[in-house]
Amino acid sequence: MSHTQDGSELLTGPGAGGLLRSAVGNSGGVLHSWQLDHVDHRPGRSTKALYRTQVSWPELDGPQAPAREELFGASAHIGEREKNLYVAEQTLVMTDGDINVRVWRYPHDPWLPMLPQVCYPDIVGRTLHDLGVSLGPDPSEPIAIDVVSYRPGRRAVLRASQGAAAVYLKVMQPHRSGEIVERHQRLLSAGVPVPEVIAHHQGLVVLAELPGRPLARAVIDEGVDSCRAEDLVALLDRLPASMYGLSLRPPWTDSVEFYAGIVASAVPALGPRLDALVREIREGLAAIEQRIDMRPHDVVHGDFYEAQVFVQDGRVVGLLDIDTVGPGRRADDLACLLAHLSVLADYGNVGRIDRGMQQRVEDAIRTWHETFQERVDPVELALRSAGVVLSLATGPHRQQEAAWEAATEAIVRVAEEWVAAARHAERQRIDRAAAAQPATPAPGQPAAQQAGPAAGAQRAAQSPPTQGPTGMRQVPAQGMHVPSGPGIAPPSGSSAVHQSAPPQRSAPSQSAPHQSAQHPSAQHVSAPQHSAPQHSAPAHHSAPAQQSAPPQQSAPAQQSAPPQQSAAPQYVAPPQQHGAPDRSAPPQQFAAPVQQSAPTQPVPPQAAPQQSAPPTDRPSEPVDQHPEDDSPTQERRISSIPPR
């Protein structure tokens, strides 16, 4: 085996074929072909990979039988030890003394012991029966299994249906399921529309189907009519204050260096742009902290985006994946939604969604962003959105998308546009503050330099606003102009063409600048009160800093340095599988590997932070913060899980 820092070269390069050939041969099979399907890479620490293979089993099927499609997983650990390994009997461990690689055949994931009990139609019926769950009225009717998603070693979500009845099976590492069940029960009792827990067992939670359909689908079809921005904010405000004492949910922006490192490892040419993004996000948030209270005042969802929200007839009717609910900042949840929608809208620039869908998503982003800016600080919202987008830039490589390098660059460009939108919002905030102050020229100061409302307005007019991530581009893979600023230079040879440029907004927010005493979240200092916010009609700043597709900007905004105002900061979804896979095991299972380690217990909840100071001891990498969700969501559905 080749020597690599973290196993990534071994598991994603040609050497992976030798590993798979050894693992399959050890079980009496013959590997005919393989293809990398999914990779989770933590630079310097570990790598997990999923492969689609063609394998024949001569002893089981006969020498002339055709090859089967099989999924195999592999995990390499160097910089960190294997944690929470539960079932290792059907895995094979290979080592060359420097690196250990564990290989398994789906569904025998050593971290998800309940997965084999729910992924086959005949077995899942027995499992549900043992848990007291009945599906359709006719128990003799076959059960269909659809694999919604599978993240090796992390989690799997499956849909079991019998006739018109269906339940969702959430498979996770066993030490997490009790906590997840309790969170569902607490939220349901508080009136939050999360799925009902029908049954559970260690590592398996059976959830009822929500009404309506995912906002991810509705926003593509209906755009802004899919739901109101005020209802999205009100849904988050219904999260009960009693959950404020749970473990702190660090925002995605706390780990921008970590995600930038993953992306730079996959696409080294993006390194300078990633460094500039991280620097601007860090400096921008530090500047905001000088003027508003940045402590976690709210109860947040922690991973709030369009696939987690269900809507029906223009109303919000459901909320999924509440594993990360806890204390945080409302701007993080709202930025998470904007960031995901930004990437979704950008798909229109490469033909993954049509132009009509792209336009509807962008219209929703504009409208919702305007309302969100009235609730949270506009500059913070844009910077947090940039941070979430940067975390999503790990997705194309992780999911092994076609042309993933170009897809990664496109997502980085969306993050740059959010940073540019943050600069513009900051510049407007400074100009509004200057315009609100009476002119008091110093003796001898030239009249042209006397500050006043007219001067502030003139400065704003002379500085073309950044539209933020919104608008279509005609040339998919060509770079858009990114406003120059600290560390960010426009890509050479880039051009942006507006097909339907959103109207320019005169101000990013109609509310006063968000001082700490005025910040809406400041009401929730130690025991947040979560009643629905009283929103007036959203102010019509026409072009919110949208996310979605790396929207186009009509012209590169000239990022002149903002006026020096006292001490103001100057940081300037696929087909599903039905039917029963062939679960006949190969004649020999993989050899028993190294000794299993004891499961790690969940981190105990932290007390609500006091007024003194925000927590400063958060880990810098999400692998420690979120053991079950250490890289962004927006996962690709598995179109089929073999063997068939």
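Visitor: What do β7 and β8 form, and how many residues lie between them?

Guide: β7 and β8 form a hairpin, with two residues between them. Gly163 in the turn has a positive phi of about 70 degrees. Strands here are DSSP runs of E, at least two residues, and helices are runs of H or I, at least four, numbered from the N terminus. This is a predicted model: local features need pLDDT of at least 70, side-chain atom pairs count only at pLDDT 80 or more, and totals for chains, interfaces and linings use all residues. Residues are numbered from 1 along each chain as its sequence is written, and side-chain values use heavy atoms, leaving out hydrogens and water.

Visitor: What makes β7 and β8 a pair?

Guide: Two strands pair if DSSP finds at least two bridges between them. β7 (residues 155-162) and β8 have eight bridges, in the antiparallel sense, so they pair. Ala160 stands opposite Val167 in β8.

Visitor: Which sense do β8 and β10 pair in?

Guide: Antiparallel, over five bridges; β10 spans residues 204-208. Val167 stands opposite Ala208 there.

Visitor: Why is β8 called largely enclosed?

Guide: Buried means under 20% relative accessible area (1.4 Å probe, protein chains only). Six of the eight residues of β8 (residues 165-172) are buried, so the strand is largely enclosed by the rest of the structure.

Visitor: What makes a nonpolar core?

Guide: Buried Ala, Val, Leu, Ile, Met, Phe, Trp, Tyr and Cys residues, joined through side-chain atoms within 4.5 Å. The largest has 82 residues; Val309 and Trp368 are among those touching the most other members. Helix α10 (residues 330-346) gives the most to this core, 11 residues. A second, separate core of 31 residues includes Leu169 and Val171.

Notes: Buried < 20%, exposed > 50% of the residue type's maximum accessible area, 1.4 Å probe, protein only.
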